[in-house]
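Biologist: Pick one part of this model and walk me through it closely, please. I'd like the cut-offs along the way.

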Amino acid sequence: MNKELHARAEELIAQERVEGISTADQLWLRQHLADCAGCAARAGATEQAIRSLRGISVSLPKTLANRTHAYAAIAWRAALAHGLRGMWNFLGLWRSYRSLRLACP
Ligand SMILES: [Zn+2]
């Protein structure tokens with residue numbers, strides 16, 4: 001399989017989560033994930049990361065929370081603009097946010 005197919009799958013995995021994809025793209029992606037263990041693993045990791053984000057509760061001093069929320073919003077927009085690579089950057093920021101939360105009473 002050529003790199004362009006994997007890149008297309010990566011793009012569709014991110015796009016499906018954010019804005020949705022057409023039925024034709026869904027069918028193409030499902031078929032690709034059935035045939036490609038690497039992309040299927042990446043899709044599974046993305047799904048798992050998103051689930052873990054949904055389970056996070058936030059308890060920070062208001063100013064720190066507002067600032068961090070603003071950074072997260074910027075990162076999320078980057079994720080929307082740059083596909084899965086942006087999504088991974090966003091998740092990296094979120095992990096930092098979680099560490100920060102643990103460090104703050
Ligand atoms: Zn692939």
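Modeller: Helices here are DSSP runs of H or I with at least four residues, strands are E runs of at least two, and both are numbered from the N terminus. Keep in mind that this is a predicted model, where local features need pLDDT of at least 70, side-chain atom pairs count only at pLDDT 80 or more, and totals for chains, interfaces and linings use all residues. Residue numbers start from 1 along each chain as its sequence is written.

Let's start from His6, which sits in helix H1. His6 is partly exposed because 15 C-beta neighbours lie inside 10 Å (20 or more would be buried, 12 or fewer exposed, with C-beta atoms placed from the backbone). Beyond four places in sequence, His6 touches Met1, Cys36, Gly38 and Cys39 (contact: backbone-placed C-beta atoms within 7 Å). Cys39 is 33 residues along from His6, yet their C-alpha atoms are 6.8 Å apart.

The axes of H1 and H3 come within 10 Å and cross at roughly 20°, so H1 runs roughly parallel to H3.

As for Leu29, its contacts beyond four places in sequence are Ala9, Leu12 and Glu16.

Terms used. Contact = placed C-beta atoms within 7 Å. Axes fitted to C-alpha atoms, helices over the stretch in contact; angles between N-to-C directions. Parallel < 35°, antiparallel > 145°, perpendicular 65-115°, else oblique.
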